[in-house]
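Biologist: Could you walk me through this one? I'd like to start with the surface and then move on to other things.

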Amino acid sequence: MISHQGPSSQIGIWLHERLPVVSVKSFLKQKLVPQHKHSFWYFFGGLTLFFFFVQVVTGVLLSLYYKPTPDQAHESVRFIITQVEYGWLIRSLHSWSANLMVGSLFVHMFSVFLLKAYRKPRELMWLSGVLLMFLVLGFGFTGYLLPWDSMAYFATLIGTEIPKSMPVVGEWSVRLLKGGDEVGGETLSRAYAIHVIILPLTALVIVTFHLLLNQMYGSSVSVGTRSLRRPLPFLPNFAYRDAIAWCIGFVALVALTTVFPWSIGDKADPLASAPVGIKPEWYFLPLYQTLKLVPSRVAGISGELIVNCLVGVASLLWLAVPFIDFKSRAELRSPVFTVLGVLLIVYLCATIVLAYLGDMI
Amino acid sequence: MRYFMVIIAGIALWMQGSGISRVDTSKTDSLKQKDSVEALRPHFVEQPIKFPGVGTRMAYLAVGVVTVGGLAVLLNRKRRRIDKRLEERHA
């Protein structure tokens, strides 16, 4: 049965009788995007998705040459950079896109937080978004080890020791992460499997869910914000704007890749001492710096345990924001949560800067 | 004699199972395997990390900026036309 809005070409009619293509298109056309002074922040979610697509494409290309064993991992990455045609470009795109994806994700998440876009009926969007943040951090943690150079090895050695202080699950979780007692071949193959299979499959499901909700409920307008103009249809008007934002993002990515190509350090030597100035990637620096700031023992309790518990509680509170911000739930302004959000952004930025300044002092 | 023959047969069967009486092809097998693996394995020879020169990389950047930037310009033109059509529809 062809609807009166159906396609006119033979192929279009054949497809329409077998796939609900026209229904999907009309579903997408229903979404309207509000236009107001904060509309600029709507682009960052799509930009994060774009960088994720770049990660998938470049990741698949890299996996054609990468070998996930301690003997061959480092050599295979060197092979990619030095021998494979445009290998250095694909590898640099993958590394820089990872950092830009994390940066874009944090901008998107904090803009949603400050605009209170987690209000009813978008609570599930917030929950799925925070889960995606944890997945992306997992991508970063597992991916960092794969080149198997000394920085990656020792950063992973330190990173996998952090959960050890947790009561009950500490030792077990560390053994699960490492695949044994030491960081070695088991850790590398585990990191590769998590990075290439488990996390992408999980991310695919959650991203689809997140986008579906976004399509159903559209973009939120913060309390007290007046719309400047009539809302824009997502398809095609806002979609063109999104595409332009993706082009700008891609140009920024190519600029970083060509001006600062991503290299590789010396091969990991588990018997050597840790290199001086070793630290994790910038998005783990707030945790790393907080651990450095807290004394090793506070009132007889391990400092690491205190930080781990604080981070755990903070993560749960962050997930529960739509349910504990009572003023936003009542469609009122929520200045307390705005101030808390700004303080958190300042703290995260300050710890990252401190971690880098610490090297220079 | 029969018991002695049974014992001899048992020892012979055990030696057969343990591979002592078989021809030792393990060395030649592993050599053959090594050849085929070597032939297939890419040569991960230690190469110094050397990226293309600054000029080449700037050329790549220029190509990227021109193609993707040009695409952005075209998309923007199309966006303006679509927005104008939308405004006319609502006017």
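Modeller: Bear in mind that this is a predicted model. On its surface, Val313(A), Leu317(A), Phe323(A), Ile324(A) and Phe326(A) make a nonpolar patch of about 470 Å².

Biologist: Which helices supply at least two residues each of that nonpolar patch?

Modeller: Those are α12 (303–319) and α13 (321–324) of chain A, and Val313(A), for one, lies in helix α12.

Biologist: OK, switching to the contact between the chains, how many residues does each one bring?

Modeller: Chain B contributes 28 residues and chain A contributes 31 residues, and between them the two chains bury about 2,800 Å², of which 73% is on carbon and sulfur atoms.

Biologist: What about salt bridges between chain B and chain A?

Modeller: The count is 1 salt bridge, formed by Asp83(B) with Arg241(A), whose closest N and O atoms are 2.7 Å apart. On the side of chain B that touches chain A, the residues divide into 16 nonpolar, 6 polar and 6 charged.

Biologist: And the backbone, where are the cis peptide bonds to Pro121(A) and Pro236(A)?

Modeller: The bond from Lys120(A) to Pro121(A) is cis with omega near 0°, and Pro121(A) is found in the loop between α5 (87–114) and α6 (123–145) of chain A. A cis bond also joins Leu235(A) and Pro236(A), with omega about 5°, and Pro236(A) sits in helix α10, residues 234–259.

Biologist: What is phi for Lys116(A)?

Modeller: Phi of Lys116(A) is near 60°, which is a positive value in a residue other than glycine, and Lys116(A) is placed in the loop between α5 and α6 of chain A.

Technical notes: Residues numbered from 1 in each chain as written. Chains lettered and ligands numbered in written order. Predicted model: local features only at pLDDT ≥ 70, side-chain atom pairs only at ≥ 80, totals over all residues. Heavy atoms only, no water. Contact = heavy atoms within 4.5 Å. Buried area = accessible area lost by both parts, 1.4 Å probe. Salt bridge = Lys/Arg side-chain N within 4 Å of Asp/Glu carboxyl O. Nonpolar A, V, L, I, M, F, W, Y, C, P; charged D, E, K, R; others polar. Patch = residues over 30% accessible without salt bridge, like charges linked within 9 Å, V, L, I, M, F, W, Y side chains within 5 Å. Areas by Shrake-Rupley, 256 points an atom, 1.4 Å probe, with all protein chains shown as cover. Helix = DSSP H or I, 4+ residues; strand = E, 2+ residues; numbered from the N terminus.
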